[in-house]
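Keep the viewer open as you read.

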Amino acid sequence: MTKSQAQAAKDQQWMRECVRLALRGMGLVSPNPMVGCVIVKNGRVIATGCHKKYGGEHAEQIALRALSKKQKNKKTKKQFIGATVYLNLEPCCHWGKTPPCVDVLITAGVKRVVVGMKDPNPLVNGKSIRKLRRAGIKVDVGVLTDECQEINEPFTKWITTRRPFVLLKCALTVDGALTLKKGTATPLGCPETMRRTHQLRQQYDAIAVGVDTVLIDNPLLTCRLGTKRKRNPARVVFDTRLRISENARMFPESGQTIIFTGPRINNQKKTRLEKKYPAVMVVSLPLGRDQHLSLKAALKWLGDYGISSLLVEGGAGLANNLLKQRLADKVMLIITPHLAADLAAPRLIPALAAPAGGQSSWEWSGDDAWFTIYPN
């Protein structure tokens with residue numbers, strides 16, 4: 001192995017650690033990106049950090065401060081001189097809730113910065129890299145880029161379009177039905193799938209369903225992982241005529257509920273809901289040509305509201321409309337070992353869910369097969 005190959009292997013090793021650290025902020029830093037930082041000097045890690053919560057210190061600042069605290073009885077100004085900093089995302093160069101991280105790195109006197117991917121934020125997008133190089137710091141970009149891009153898919157979509165990243169997740173029978181019988185609630189996934197579903201809910205800002213799902217299943221739409229990091233995403237219900245029950249189980253749960261309705265609804269019911277449940281918001285949107293709610297208008301509203309990621313769980317009407325309008329950024333199809341007994345059971349349109357040429361992969365989760373598809 002040549003010296004350059006050995007260095008490339010080390011760069012990948014420390015970048016994987018950056019990604020691992022970054023994931024600690026999952027579900028806690030949105031709409032900010034997840035960022036991990038590893039600082040290496042003389043072949044060993046001297047400091048690490050990650051962005052832990054929205055509005056808090058960034059990963060670089062935490063790593064630099066952590067070592068300074070450890071060395072409080074020693075001179076700290078030279079601790080970082082000659083060090084290499086690994087970041088899964090380009091450091092920021094603008095003032096937000098914290099100072100620019102690029103200035104902190106320059107002041108620290110680091111020798112080299114390795115970046116997994118450029119920051120897609122138009123306020124940054126290569127500016128920090130150029131500033132570091134002008135300061136005489138060597139910068140390498142593009143180590144494990146695919147992994148770095150994957151963990152911040154929602155941030156990239158939201159910061160460049162101001163629309164949330166949409167993941168459509170559907171559990172299906174082998175013949176494509178979302179339930180065994182029309183009009184009934186029939187959970188299809190195995191225990192491993194159910195656990196993984198709640199992990200996804202932990203990761204996303206909001207979870208969405210159509211009103212028929214609420215009327216039939218009366219779901220809580222909460223995250224039930226049983227961990228200290230439990231966080232309920234916002235709940236989003238698409239309900240053109242405001243048919244939702246005023247006693248739906250989700251309303252008293254922690255977290256916000258957003259109900260998208262059409263322009264002609266029972267305003268007295270809207271008033272009662274918002275008065276009885278302070279965390280419920282009823283939002284009227286225009287209808288499309290098909291007389292369904294405008295999904296594009298809903299996504300724009302959510303993006304403007306600061307929701308950067310949306311997990312759509314059902315039902316068939318909402319799912320198929322998202323796919324028809326090419327509004328799903330990612331699709332997870334969970335094929336379960338069941339066969340629908342009812343030919344009228346709602347189904348997903350296969351050609352829409354898995355179009356030819358879409359990037360895809362699959363894996364087993366207990367008894368179920370999870371297919372992940374990027375349709376666009």
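What follows covers a pocket, a cavity, some ring pairs and a few backbone details.

## Ground rules

This is a predicted model, so local features need pLDDT of at least 70 and side-chain atom pairs count only at pLDDT 80 or more, while totals for chains, interfaces and linings use all residues. Residues are numbered from 1 along each chain as its sequence is written, and side-chain values use heavy atoms, with hydrogens and water left out.

## The second largest pocket

On a 1 Å grid over the protein atoms alone, a pocket is an open set of points with protein on both sides within 12 Å along at least five of seven lines, whereas a cavity is a set where a 1.4 Å probe fits but cannot get out; lining residues have an atom within 4 Å of a point. Points are joined across faces, edges and corners, and a volume is the space filled by probe spheres set on them.

The second largest pocket comes to about 770 Å³. It has 36 lining residues, and Glu150, Ile151, Glu153, Pro154 and Lys330 are the closest to its centre. Strand E13 gives the most to this lining, with five residues; among the other elements that supply at least two are helix H5 (145-151), helix H6 (153-161) and helix H7 (191-203). (Helices are DSSP runs of H or I with at least four residues, strands are E runs of at least two, and both are numbered from the N terminus.) By class, the lining has 16 nonpolar, 13 polar and seven charged residues. Here Ala, Val, Leu, Ile, Met, Phe, Trp, Tyr, Cys and Pro count as nonpolar, Asp, Glu, Lys and Arg as charged, and the others, Gly among them, as polar.

Asn152 sits in the loop between H5 and H6. Is Asn152 buried or exposed? Its relative accessible area is 3%, so Asn152 is buried (under 20%; exposed is over 50%, partly exposed in between, with a 1.4 Å probe and protein chains only).

There is one cavity of 30 Å³ or more, and the largest cavity has a volume of about 40 Å³. Its lining is eight nonpolar residues, with no polar and no charged ones; Val166, Phe238 and Leu295 are among them.

## Rings

The whole structure has six aromatic pairs (Phe, Tyr or six-membered Trp rings with centres within 6.5 Å; stacked under 30 degrees between planes, edge-to-face over 60, tilted for the rest). Phe251 and Tyr277 make a tilted one, 5.0 Å centre to centre with 40 degrees between the planes. Phe251 is in the loop between E8 and E9 and Tyr277 in the loop between H9 and E10, so the pair ties together parts 26 residues apart in sequence. Both are buried, Phe251 at 3% and Tyr277 at 11%.

Ser30 and Pro31 are joined by a cis peptide bond, with omega about 10 degrees. Another cis bond runs from Gly314 to Gly315, with omega near 0 degrees.

Leu144 isn't a glycine, yet its phi is positive, about 55 degrees; Leu144 is buried at 13%.
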